[in-house]
Structures are given as structure tokens and as C-alpha cells.
Amino acid sequence: MIKINIIILFVISIIFRSTLSLSSVDGNYPAGGLYFGVSSNFLVGESEKFTEYVQNELLSMDLPDQSGNSDGVQYSFTHFKLALSLQDFFYAQFGPGVFQMGWDTITFNLQWEYEICVKKVVKLCESGTITVYTTNGQSVSLGTTLDVLFNSSNAKIQSTTTVMPFEQGAVVASVHCTDSVCLIPISDIVDEVSSQFVSQVTNGVTNAINDKAPSIEALFTPIKQIPITMESGNQYWINLEGCLVEANYSSYSPSTITAAINGGIVLENTDGNYIYPTQTPSYIPYDSQMESFTSDYCVTITGYFIETLLDAVLEPEFPMTIKPSQIPTSSPIQLNTSSDFFSGIAPNLTSQYPNVGIQVNLMPPTIPTVTINSSAIILSDFEISTSFLVLTDDEAIPIFNVLFNFDLEISTTVYTDSISVLSLNTTLLSITPGVTISDSTVGQVDATGFIQLIELLQSVIKIPSITYPVPSKYSITNVKSQLGDQIIQLTFDLIENDIYTTTRSSKNLKKSVNLN
């Protein structure tokens, strides 16, 4: 029995590093706009599938025949056979920036045939089989180092190093000579081949993880762009800066993990420039809000996401000018001093400027503050300043200003149009308008007329639905939504479209070949 002297002198660690502000926070959620949580139950099933995938990749490694000369010893190694099993998948968070991921137990049995010749006085040759294997009761682990780069627009996961640390005596080799005389020492050559095998295993794990990295990235950054189309041609992206947070209170392994994302909306204008929100997130959800879901997946939205979305969509559209020619003839309100509406709220306007067109200038709005409770999403202090001008032959003459102030209540419902499409439908529940008239040059202007107009429009205002395609890797089921204390939560189960030979309930992921 020859013991292999291969000692790995460093421990397994996964260090998540960021190009900007990514860190891994040990059970400490930062303020943000979006949180993507993956449940322990889902991760258990995925870890089993991932274990089988890596295991199969290792078992399918090419183990070619080897031959050569070492210190005057000619050798030939052929017919390699491998049995291998990965068990006890783990990951754990030990502090900011430090995760561990791997398998606590790896067992393998590598066997090959050998023929060795040495020529001193006479040429001596011998042949037989060599087996390198893990021993019972000894610790052999396998783990990898990941670089996870979250910037404002993307996430990149890459395995850089994989190691297989084990205790002295955990991996041994035995040589079985089938000739009548067996005198040639071959321990050095066996050690060299065994070291090459360890390198092949660790490199195989690194490559297997990198092949799967895009699907892992998509799991933690499922939404990158808001599917809204405006006439301006602007595009709207989600700021993906953030961190990974492991659940505080979990009796399961692996535990629930959440990608806590800044979640602000970044405007990309037609010049290719990116404009970031001026707001900063302030609300931090409770641990219980983030970790109590039982579905596979949970999306948590805070008011910051909604505020920055409104800011990104509305701010570039202002200031805005509305002229009489832009109003459809079928509209009950016409921009004309002699129309029923304007003659009703400002009688002096009609007498001073009869049958004259009116232009409306709208200034950039004040973005509302968003609060959320169990029954509605409330937008408070949404303000728009407007100026009304009459269009004479020579010039546009200011006649009065109106400051509109709105408090709105909306509700949100999620629908699944299909197993691959998610729709977010928003309904306006109520508007509480406030109107302040100032700087009138045409006498008294009745503010209640504008209030009645806004209340009338409430029944016909429709908020566009937003549709999100689910990544092609998954289908969705059991979709639910609810409003809570300052959060909106969407929960659903994920069904992977790929066909696997195992299910989530399978616990033994072993595969071997016949070594006889």
C-alpha cells in the first residue's frame, strides 16, 4: 500500500467581489427597491440537480492512456476507469464578502492498468493494476472559488479556482502486480498520475460551474429592463448594484438566499447617456417579510422602485406644451376661451378674449412619495405646475397659473398570461385632487371646475399593464401577489423546462462504473 503525498495547503472559500458596491451581507438586508429571494426548498432541489450535473461531467472526463519515461523507467498506463460520488452540498456565509460552497464529501475510485520496464543489467518488466481511492472515515472535500461581479447593469459569476483538500491518509493507492516477480518501485509515478487526476477533477468542476453560470446569474437578476415604450425612444434599466444575503433564521440547509438590489430605474436616453436616480432608498424590509415565503421564488418591491420609475418616465417628457390642435375634436374639453369649460370657470376670460385658442405649458412634476399598506399603494403630493396662455395673432399671453396636487391610491394584480409570461396590472382606485390658482389676469377663476374635471377623468384613466417574459429556462406556476407594510410581494413556483432524471425528493446522487 502506497500513500499518496498530495497535501492541499489552502482552505475552500468563495469570495464575492464587486466592481462597484457589491458585498455579501451576513443576514443584514440593506435598503433597496427590489429583492429577489430564492427559497431553501427550491435551492435544495437545485443543489441536487447541480450535484448530479457536476458529477456526470466528472464521470464523462476524458482519461486518455499515458506513456513515458521517468528516471530510466518506461511506463504505459491504459484502460482508466472511474467511479465517483459527490455528497453533502453546502454553502455558508461567514461575513461580508465571504461564502463557502462545495461538497463536504467526495468519494472516488480510479483504476488503471500499468506496464513498467527498467533496464539496468537486464531489462525487467512488470504489469498489473493500480487503484487510487478514498478511504472510509477520512475527510475529502471539494469546493470552488467564485467571483461574482454585480455592476449597475449586469451580474457576472465566474469560477476561478477549485480545490480538493483532504487529510493525510484519506486518499491512498494500491498496486496489484500480476507477474511472478514484482520488484520495480513505481510510487513516484503513481503520485504524479494521481496529482494529475486531482487537477483534472478540480478543473472539471471549475469548467462545469462556468458553463452553468448564466442560468445562476439570471436567477438573481431576472429583470434587467423595464418593458415600457415611450415616444421619446428612451429605455429604462434597473440598477442592479446590490448584495447577496443569507437568511437569518433558517433551520434548513442550504438556507434561503436573497439578492438585495438597489432597484432604482436608470434612464438611457436616445444619445446613449445614462441618467441615474437622484433619490436614494431608505426603507429596509423586516427579516420576517423577506424570509417567511414558502414558494420557490419571491420578488419584493418597495416604494423606492416606484418613485424612481415615475421619475425616469416622467422627467424627460417635461416641460410639455399642449396646443389646441393637439386636442381631438371629439373631446368634451377644448382649448378655447369660448368653450363651455373655460367660459364656466372664468367668465371674464371669455369676454376679454372671445373665441381664442389656449395653450397649456406643463412644468416638470414633483415626484410623489410612495407608501404601501395592505390595501393600496399610495402616491402622495404629486404636483404639476401649469401655465395657461391665450394665443392671439401676435403672441401668447399668460392668463393664469394652476398648481395641481394629487394624492392617488392604486392597486396591483399579477396575472399569468401563459406559463412564460407575467403581467403586472395596475388599477387606479381613487384620486384626491387639490388645485391652486395664481397670477390671474382675467379675474376670478373657479378652482372647483378643475377638481370636477379630474374626478370625471378618474373613471376613464387606464394605467398600462407591464408584461415580463419569464427566462426560457423556467415556467411559472402558483403565482400570488400581496401588499404589505411598505412592500409589494410576488411569489411563485419555478418549473425548470429541462428534463432531469432526478426529482427534488431524491437524496442519493451516485453514479459508478463497473471496475471489474
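## Strands E12 and E13

E12 and E13 pair in the antiparallel sense, joined by two bridges; two strands count as paired if DSSP finds at least two bridges between them. Strands here are DSSP runs of E with at least two residues, while helices are runs of H or I with at least four, numbered from the N terminus. Ile-226 has Tyr-236 of E13 as its bridge partner.

A quick note on what you're looking at: this is a predicted model, where local features need pLDDT of at least 70 and side-chain atom pairs count only at pLDDT 80 or more, though totals for chains, interfaces and linings use all residues. Residues are numbered from 1 along each chain as its sequence is written, and side-chain values use heavy atoms, with hydrogens and water left out.

## The rest of the sheet

These two strands belong to an open sheet of four strands, in the order E12-E13-E16-E17, with antiparallel pairing. Strand E12 (225–226) and strand E17 (274–275) are the edges, each pairing on one side only. Further in, four bridges link E13 to E16, and Tyr-236 turns up again here, with Leu-267 of E16 as its partner. Leu-267 in turn has Ile-275 of E17 as a bridge partner, and E16 (residues 265–268) and E17 share two bridges.

Helix H4 (residues 303–314) packs on this sheet, touching E12, E13 (235–238) and E16. Touching means heavy atoms within 4.5 Å. The direction of H4 makes about 15° with that of E16, using lines fitted to C-alpha atoms (for helices, over the stretch in contact) and angles from 0 to 180 degrees between N-to-C directions.

Buried means under 20% relative accessible area, exposed over 50%, and partly exposed in between (1.4 Å probe, protein chains only).

## One salt bridge

How many salt bridges are there? The count is one, taking a salt bridge as a side-chain nitrogen of Lys or Arg within 4 Å of a carboxyl oxygen of Asp or Glu. Lys-49 pairs with Glu-46, their closest N and O atoms being 3.4 Å apart. Because they are three residues apart in helix H1 (residues 40–59), about one helical turn separates Lys-49 and Glu-46. Both Lys-49 and Glu-46 are buried.
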